[in-house]
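Please read the points below with the sequence and the model side by side. They go through a few features in turn, and each can be checked by eye.

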Amino acid sequence: MSDSAKIHTIETHNVWKIFGSRSEEALQAIERDQLSKAEVLEQYQAVVGVRDVSISVGEGEIFCIMGLSGSGKSTLVRHINRLIEPTGGEIFINGINVGDLNAEELRILRADKIGMVFQNMALLPHRTVRDNIAFALELRNVDAFTRAEVADRVTSLVSLQGYGDRYPSELSGGMQQRVGLARAMAADPDILLMDEPFSALDPLIRRGLQDEFLELSKTMKKTTLFITHDLDEAIRMGTRIAIMKDGAIVQTGTPEEIVTQPADDYVSDFVAGISKLKLVYAHTVMEPIEKYKAGKGKLPPIKDCAVAHPDDDLDTLIGLAIDQNNPTIIMSDDNPVGVVTKDALLLGVQGGS
Amino acid sequence: MVGSFIWAALRGNWLLFTFAFVVDLIAAVNVALVYKYSNAAIDNAEKAFLVERYENWTDSHTIVAVLVFVIGRILFGWMADRFYVAQYNKWRVDHTVRSGVVLSRLLIAGLIFALIVPLLIYRTTQFAPDNRTCIKQTRAIAKGEVVTFKERFDCFIIGEFPTLFWISRPDEITYPRDDLGNRIVKRTPPRANAPPVNLNIYVSQRIDDSIGYVTVFYGFLFDGITGILRGMLSAIASVFVGTPWPITIGVLLFVAHKMAGRRTALFVGASLVYLALFGFWQSAMDTMSLVVAASLICVVFGLPLGIWVGKSKRGQAIITPVLDVMQTIPSFVYLLPAIAFFSIGKPPGILATVIFAMPPMVRLTALGIRQVPKNTKEAALAFGANPKQLLTKVELPLALPSIMAGINQVIMMSLSMVVVAALIGAGGMGYIVTEALENTETGRGLLAGIGIALLAMMIDRVVQRANVVRR
């Protein structure tokens with residue numbers, strides 16, 4: 001299926017956001033004269049938040065947007081449910097242009113289709129966990145009985161059973177963010193917008209929540225836009241990653257693509273410290289069997305070699321190669337398709353391939 | 001020796017200049033006063049008691065002049081030293097700092113000196129003419145009599161700021177009934193040779209005219225408001241005053257206990273016993289019903305106003321100055337328009353109280369609304385809240401502690417104003433105090449004052465503890 005034919009759950013076309021009273025003028029000037037961020041600030045007292053961003057997120061995908069603070073990632077995600085109005089460009093959700101909705105339609109979209117999780121949780125301190133979780137339902141005037149039922153179900157989903165009657169201030173940070181997550185999922189939306197949800201938590205709890213969220217999203221299949229400033233997190237969570245810098249997207253790709261083929265120095269700087277063990281797969285580092293034969297001559301007998309699958313990662317391949325003098329043969333459908341030598345393995349770990 | 005301030009000016013340190021100048025001025029003024037009083041003593045040589053008094057003053061001003069001069073110079077020397085070191089350090093870092101003396105600064109210092117010193121010294125050596133003398137003098141000038149330059153100068157420069165009687169007296173306006181019994185506006189021009197008036201007299205006359213006009217032709221409006229207030233008050237009063245005291249005490253104790261716990265209930269009980277034993281029961285209940293009525297009005301109008309001020313920039317721009325005026329005008333001042341529009345009695349008392357006690361309600365509500373974290377509001381919007389839901393489910397609950405503080409303030413301020421409002425016949429505990437004031441019955445006034453304080457503490461404790469207990 002070609003990419004252009006299917007309707008994406010979230011699509012943005014050339015979205016611009018410029019803050020300041022003269023944003024419209026500034027946008028025209030940028031398009032005309034190709035001004036830089038600093039020039040726009042100087043000439044129009046306007047700040048470029050998002051710069052010509054086009055992304056498309058497929059159904060069920062976890063799309064990570066990674067960038068340092070000030071790169072415009074949080075601004076971008078607020079365009080999806082129009083908490084921020086774009087200066088230019090269009091946003092589509094399930095093929096519907098969000099910019100065309102009136103206030104009431106927009107509220108319905110926000111309440112039914114989109115759940116949002118915030119870095120600072122933003123729970124309501126005067127409501128119990130249960131009432132916080134059921135907040136979106138309450139806004140839609142769902143009756144109290146259904147609300148309690150749904151809240152209890154979602155509470156157990158994020159393993160907070162028994163905490164329904166507590167107040168947010170009585171919970172730890174990690175538990176509060178579970179409440180935030182549960183609140184986002186209570187209305188059973190198609191789309192989750194997660195704005196650095198785990199950034200404020202300490203590393204151990206963060207890891208636990210990441211794993212739990214991955215488990216959940218496997219079963220719930222929600223399209224997720226996940227904002228983070230942590231590349232490790234982006235790689236763990238994302239099916240695809242977009243890297244933002246100064247409001248613009250520098251590179252979009254799968255974690256492996258980002259790590260093995262960084263688009264520019266900015267991305268490669270980021271990627272430099274990332275462990276490739278779980279990210280690079282046999283099909284990237286292997287040498288095709290014909291090429292191996294041409295260079296090194298005969299292949300050792302398969303029974304004397306370790307055998308692996310093209311989708312096995314470097315970690316597995318290294319495990320196989322230890323105590324083994326022969327190269328590892330990569331078999332696909334019982335046919336040898338490639339060879340991974342120890343040299344290739346070491347290069348793979350280093351990042352070159 | 002003469003001008004340490006001139007030295008400071010030359011060096012460009014205006015702070016030091018101001019200090020030295022003011023010190024020298026104080027010393028100089030004291031010297032001038034010595035001169036003035038010794039002259040006065042010679043002028044009044046035949047009155048022994050005046051001479052004695054002037055000589056005492058002369059002595060004390062001499063001492064002050066010497067002390068200020070000596071201490072000022074010592075301080076100046078110390079500060080000048082510090083300044084020199086600082087200036088040198090600055091110069092070492094930045095060689096563009098100008099050192100040495102600059103002539104233009106000397107000119108500025110000289111100008112300041114010339115503008116201030118002669119007039120000030122002249123003023124202190126003379127006895128200033130009083131207002132009445134000056135008015136007489138103005139009339140004399142108008143009649144063409146000869147007035148010496150010194151007398152004119154004294155009136156215009158060193159007396160009160162000259163208010164100049166130059167506006168012709170406005171028409172006198174009355175509102176008699178015509179033959180059909182309808183009110184009409186009747187203007188009477190002033191006498192042919194009536195003296196002119198100044199701005200103050202003119203404007204206050206005009207304000208009185210407008211108030212008169214409004215009360216005569218729109219009286220039904222104020223009567224309506226008075227009627228509503230009176231009805232409301234009598235309903236509340238019938239609860240407090242009409243209920244037999246054992247029931248009232250019982251109910252109040254129960255409420256205090258339920259809302260604020262046993263200790264507060266004990267305090268409330270003791271206060272009630274004080275009020276009852278000293279014979280303040282009826283007055284206290286009267287005051288209570290006034291406070292309740294005023295506070296209710298404050299909350300009903302203050303809460304929406306506060307929400308508006310908290311949410312809208314324009315609301316803030318409009319209401320804040322109004323609140324400032326309401327809070328800073330002395331409370332006695334708006335007793336007057338209250339009488340003008342609503343005559344005397346309880347309703348105008350309540351209105352004056354409302355004006356006095358409303359600002360904290362508006363301010364604290366606005367503060368509470370503004371303090372709701374932005375991201376909490378954003379989250380509510382992200383889940384599809386409409387403006388009304390945002391207000392009722394997020395903003396008001398989060399602003400509640402601030403709003404409750406506002407209500408507490410309103411009650412306290414109402415109580416203090418209700419006492420003042422007794423001056424225009426609002427009755428209650430305040431009446432006892434004003435009566436005691438008129439007849440200088442210190443003991444009675446003191447007892448009533450303690451009663452008012454107990455009443456205030458009682459309400460305050462219950463409302464505040466109720467807040468704490470709920471949270």
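1. A helix, as the word is used here, is a DSSP run of H or I with at least four residues, and helices are numbered from the N terminus. Leu75(B) is found in one of these, helix α3 of chain B. Please keep in mind throughout that the model is predicted.

2. Is Leu75(B) buried, exposed or partly exposed? Because 13 other C-beta atoms lie within 10 Å, Leu75(B) counts as partly exposed. Although Leu75(B) and Phe19(B) are 56 residues apart in sequence, their C-alpha atoms are 9.7 Å apart in space.

3. Helix α1 of chain B covers residues 4-11, and its buried residues are Ser4(B), Phe5(B), Ala8(B), Ala9(B) and Arg11(B). Seen down the axis of α1(B), these buried residues fall within an arc of 165 degrees, so they line one face of the helix. What covers them includes α2 (14-43), α3 (48-93) and α4 (103-125) of chain B. After α1(B) comes Gly12(B), whose phi is positive, near 80 degrees.

4. The domain assignment of chain B lists domain 1 (4-125), domain 2 (172-217) and domain 3 (222-470). Taken over C-alpha atoms, the centres of domain 1 and domain 3 of chain B are separated by 53 Å.

5. In chain A, four strands form an open sheet with mixed pairing, in the order β12-β15-β14-β13. Its edge strands, each pairing on one side only, are β12 (287-288) and β13 (307-308) of chain A. Strand β14 (residues 328-332) and strand β15 (residues 335-340) of chain A pair in the antiparallel sense over five bridges, and the bridge partner of Ser332(A) in β15(A) is Asn335(A).

Conventions
Residues are numbered from 1 along each chain as its sequence is written. Chains are lettered from A and ligands numbered from 1 in the order in which they are written. This is a predicted model: local features need pLDDT of at least 70, side-chain atom pairs count only at pLDDT 80 or more; totals for chains, interfaces and linings use all residues. A residue is buried if 20 or more other C-beta atoms lie within 10 Å of its own, exposed if 12 or fewer, and partly exposed in between; C-beta atoms are placed from the backbone. Helices (H or I, at least four residues) and strands (E, at least two) are DSSP runs, numbered from the N terminus. The arc is that of the directions from the helix axis to the C-beta atoms. Two residues are in contact if their C-beta atoms, placed from the backbone, lie within 7 Å. Domain bounds come from an automatic or database domain assignment. Two strands pair if DSSP finds at least two bridges between them.
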